[in-house]
Amino acid sequence: MLLCSAVALVLCGWDKRCARKGRWRVPERTLWLVSAVGGAAGMLIGMGLFRHKTRHAAFVWGVPAILAAQLAALAWLVLQN
């Protein structure tokens, strides 16, 4: 999860930089995928840090929901051992 979060944070910053410069952007599908496979914490931090995707309701509500699910799954795994 730490590696995915780091990747999500970097992608979020990179996408914001590209948006400001009018260059090729990171596809939203990629941002969602990285968030879903364990990078939701990094994406949420990146959204706040870079003020990126904060006007998109899907990201504002979806990323925290994914993070909650990931934390619940992690807690379940820890409690099983």
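**Exercise 1: the cysteines**

Cys4 has a relative accessible area of 23% and is therefore partly exposed, where buried means under 20% relative accessible area, exposed over 50%, and partly exposed in between (1.4 Å probe, protein chains only). The model is a predicted one, in which local features need pLDDT of at least 70 and side-chain atom pairs count only at pLDDT 80 or more, while totals for chains, interfaces and linings use all residues. Residues are numbered from 1 along each chain as its sequence is written, and side-chain values use heavy atoms, with hydrogens and water left out.

Task: determine how many disulfides the structure has.

Solution. Begin with the criterion, a pair of cysteine sulfur atoms within 2.5 Å; applied here, it gives 0 disulfides. Cys4 takes part in none, since the nearest cysteine sulfur, that of Cys12, is 15 Å away. Next take Cys18, whose sulfur is 12 Å from the closest cysteine sulfur, in Cys12, and therefore too far for a bond. Cys18 is buried, with a relative accessible area of 2%.

**Exercise 2: Phe59 and its ring partner**

Task: identify the aromatic pair and decide whether the pair is stacked, tilted or edge-to-face.

Solution. Rings of Phe, Tyr and Trp (its six-membered ring) pair if their centres lie within 6.5 Å, and planes under 30 degrees apart count as stacked, over 60 as edge-to-face and the rest as tilted. The structure holds 1 aromatic pair: the ring centres of Trp32 and Phe59 are 4.4 Å apart and their planes are at 25°, so the pair is stacked. Because Trp32 lies in helix 2 and Phe59 in helix 3, the pair ties together parts that are 27 residues apart in sequence. Trp32 counts as partly exposed at 25% relative accessibility, whereas Phe59, at 1%, counts as buried.

Conventions. Helix = DSSP H or I, 4+ residues; strand = E, 2+ residues; numbered from the N terminus.
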